[in-house]
Amino acid sequence: MKLNNRVALITGAAGGIGEATARLFAKEGARVVVQDINSDGLAPVVEGITKEGGQATAVNGDITVKGECERIVKAALDAFGQVDILINNAGINRDSMVKKMSEDKWDAVLGVNLKGTFLMCQAVLETMSGAKYGRIVNTASIG
């Protein structure tokens, strides 16, 4: 098990790539914290990981809000005592031509895809610095 004694916090983990990443990390021995704004999608992910013998917990929250990011990291620390790996996977797409895209849609995409990534990085830095260990992976899409 490559990730024994590690804790991975994965954003946007209620489905798709985030869920697959969480399941893979758990199979490799990591304790996993799955995060998403979609709280309904988190329970099945945790259930699937625990059925396969892994350890997981879910934290609902909005990564576009600094206080929420801090709360998410605190919940991870409360659950497992550390955060060694952050996977910034959360992302949204509001597919629209520039000519037709509203400012609200633009702000939503930048809020999750850029600001959320930035805020989650900030939120884990203190604990990773204190532990003198940390890995941050930021994902993106072709979109």
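In β3, N60 is the bridge partner of D36. Strands β2 (residues 31-36) and β3 (residues 56-60) pair in the parallel sense over 5 bridges, two strands being paired if DSSP finds at least two bridges between them. The chain crosses from β2 to β3 through helix α2 (residues 39-51) in a right-handed β-α-β crossover, meaning that, with the strands pointing away from the viewer, the path from the first strand over the helix to the second runs clockwise. Helices (H or I, at least four residues) and strands (E, at least two) are DSSP runs, numbered from the N terminus.

The model is predicted, with local features requiring pLDDT of at least 70 and side-chain atom pairs counting only at pLDDT 80 or more, whereas totals for chains, interfaces and linings use all residues. Residues are numbered from 1 along each chain as its sequence is written, and side-chain values use heavy atoms, hydrogens and water being left out.

Helix α4 shows a kink of about 40°, centred on L125, where the bend at a residue is the angle between axes fitted to the seven residues ending there and the seven starting there. Its buried residues (under 20% relative accessible area, 1.4 Å probe, protein chains only) include V109, G116, M120 and V124, and their cover includes β1 (7-10), α3 (66-80), β4 (85-88) and β5 (135-138).

K132, which follows α4, has a positive phi near 55° and is exposed (over 50%), with a relative accessible area of 75%. N5, in the segment before β1, likewise has a positive phi, near 65°, and is exposed at 64% relative accessible area.

Methods: Contact means heavy atoms within 4.5 Å.
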